[in-house]
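Please work through each task before reading its solution.

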Amino acid sequence: QVQLVESGGGLVQAGGSLRLSCAASGRTFNAYAIGWFRQAPGKEREFVAAISGSGGITVYGDSVKGRATISRDNAKNTVYLQMNRLKPEDTAVYYCAATYSSPSIKVASYNYWGQGTQVTVSS
């Protein structure tokens, strides 16, 4: 089992950057694939990025491809999401999630979720 805590959200102007962090508990952190999802008010939860346990495989959603980089530091039990050239459409609550399996773009594939961190991008 793993517990996740997101941080790093905030208010940023369009064109700016943020780095979100997902800090995890557990001694087998490197066995979990980690995904980032976001949800804006009134919208479905949307896939952003995912990374395999070793960090060797990364997957990105179409809406952030080329602007986002997911990475992990297993020694720190932390996954990062670097977001560049932010747009107002990126405004959402961002969640990280863990699965004891391969990275997935589907919400239902993940067993553990953090509480979310708010990202607001102003125009």
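**Exercise 1.** Determine which residues Thr99 touches, not counting residues up to four places away in sequence.

Solution. Contact means heavy atoms within 4.5 Å. By this criterion, Thr99 touches Ala31, Tyr32, Ala33, Ser109, Tyr110 and Asn111. The place of Thr99 in the chain is strand β9 (residues 92-99), strands being DSSP runs (E, at least two residues) numbered from the N terminus. Its side chain also reaches the backbone oxygen of Ser109 at 3.0 Å. With a relative accessible area of 3%, Thr99 is buried; buried means under 20%, exposed over 50%, and partly exposed in between (1.4 Å probe, protein chains only).

The model is predicted: local features need pLDDT of at least 70, side-chain atom pairs count only at pLDDT 80 or more, and totals for chains, interfaces and linings use all residues. Residues are numbered from 1 along each chain as its sequence is written, and side-chain values use heavy atoms, leaving out hydrogens and water.

**Exercise 2.** Identify the salt bridges of Arg38 with Glu46 and Asp90, and describe the burial of Arg38.

Solution. A salt bridge is a side-chain nitrogen of Lys or Arg within 4 Å of a carboxyl oxygen of Asp or Glu. Arg38 meets Glu46 at 2.8 Å, N to O. Arg38 is buried at 5% relative accessible area, whereas Glu46 is partly exposed at 33%. Arg38 also pairs with Asp90, the closest N and O atoms being 2.8 Å apart. This pair links distant parts of the chain, 52 residues apart: Arg38 lies in strand β4 (residues 33-39), Asp90 in the loop between β8 (78-83) and β9. Asp90 is buried, at 1%.

How values were computed
Helix = DSSP H or I, 4+ residues; strand = E, 2+ residues; numbered from the N terminus. Polar contact = N/O pair within 3.5 Å; in protein donor to acceptor, adjacent residues only side chain to side chain.
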